[in-house]
Amino acid sequence: MLISPQNRKTLETIFETIKLKNSDGESGIDKKCKIEQIFSYLEMIHSNLRKYSLKRKLVLIDSGAGNCYLSFLVFYFYTKIEQRNITIHCVDTNESLMDKCRDKAQKLGFNQIFFHVSDILDFQYSGKVDIVYSLHACNSATDKTLYFGITHNAATILSVSCCQHDIKKRMRNRRYAGITKHSVFKDRFVYMVGDSLRALLLETVGYKSAIFEFVSSRYTDKNIMLRAKKSSLGRIEEIKSEYEKIKNEFCVSPELETYLTKST
């Protein structure tokens, strides 16, 4: 573990303010699960940033930020424990949520975390980006996050997808009909196929990708992270061929393909 038990205890002091614990220091089951998810996600972020120079200013973008639990934890960790210069931009279309998060940030004295009411594809940022991340972005919001990271040349992109309704509706495959006719297995196919295609697309544009469990499934069944790191990969034609093979096998493609095609 990169986050020590002592540091974790320090980080938990903000949970009452951001509404992950009540005034008695207690959390319901759902929020306990959310706490474990954001601690595990923080570990993933820190594993990518810990080797950066301490003099370097860090810039992170949280796409589909929602309640911003993760970003509050990340900001507190880097400013109070690591004592680093960090700016986080939280982007979400929900104006009410962004207003509430802005109020919480003021109470915590977090003056370098900003809240923007916007679709991530409409958000304008011209500076260097270290990490673009999202936790449980719904449906094509995952693809928008990845595309934003690509177009802003982010050093690292981290994504944990949520529902994938569009892919589930469009996915067809007669060869595996005996498996996918069962809803529980089709759901698993949807996540496997959707994120595998996204990972391959990222590799065609210069990112090295990996897919893995970032937290135990006892805290969430949506526990698969897609990580993409800027790299100089070869075999681009081979990767494109593999992408087309899977795409044709299941008669589906993620929206990320559409975004990338429109931009070329």
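This is a predicted model: local features need pLDDT of at least 70, side-chain atom pairs count only at pLDDT 80 or more; totals for chains, interfaces and linings use all residues.
A pair of aromatic rings is described by the distance of the centres and the angle of the planes. Counting rings whose centres lie within 6.5 Å, the model holds 13 aromatic pairs. One of them joins Phe15 and Phe39, with 5.9 Å from centre to centre and 65 degrees between the planes. An angle over 60 degrees counts as edge-to-face, and the pair of Phe15 and Phe39 is therefore given that label. The two residues are 24 apart and belong to distant parts of the chain: Phe15 is in the loop between helix 1 (5-11) and helix 2 (29-49), while Phe39 is in helix 2. Phe15 counts as buried because its relative accessibility is 0%. Phe39 is also buried, at 4% relative accessibility.

Phe39 has a further neighbour, Arg8. The charged end of Arg8 sits over the ring of Phe39, 4.1 Å from the ring centre.

Another pair is made by Phe189 and Phe250. Their ring centres are 5.9 Å apart and their planes meet at 50 degrees, so this pair is tilted. Here too distant parts of the chain are linked, since Phe189 is in helix 8 (residues 183-204) and Phe250 is in helix 9 (residues 236-250), 61 residues apart. Phe189 counts as buried because its relative accessibility is 16%. Phe250, with a relative accessible area of 8%, is buried as well.

Rings can also be joined in a group. Phe72, Phe75, Tyr76, Phe110 and Phe115 are linked by ring pairs into a cluster.

Terms used. Residues are numbered from 1 along each chain as its sequence is written. Side-chain values use heavy atoms; hydrogens and water are left out. Rings of Phe, Tyr and Trp (its six-membered ring) pair if their centres lie within 6.5 Å; planes under 30 degrees apart count as stacked, over 60 as edge-to-face and the rest as tilted. Helices (H or I, at least four residues) and strands (E, at least two) are DSSP runs, numbered from the N terminus. Buried means under 20% relative accessible area, exposed over 50%, partly exposed in between (1.4 Å probe, protein chains only). A charge sits over a ring if NZ of Lys or CZ of Arg is within 6 Å of the ring centre and within 35 degrees of the ring normal.
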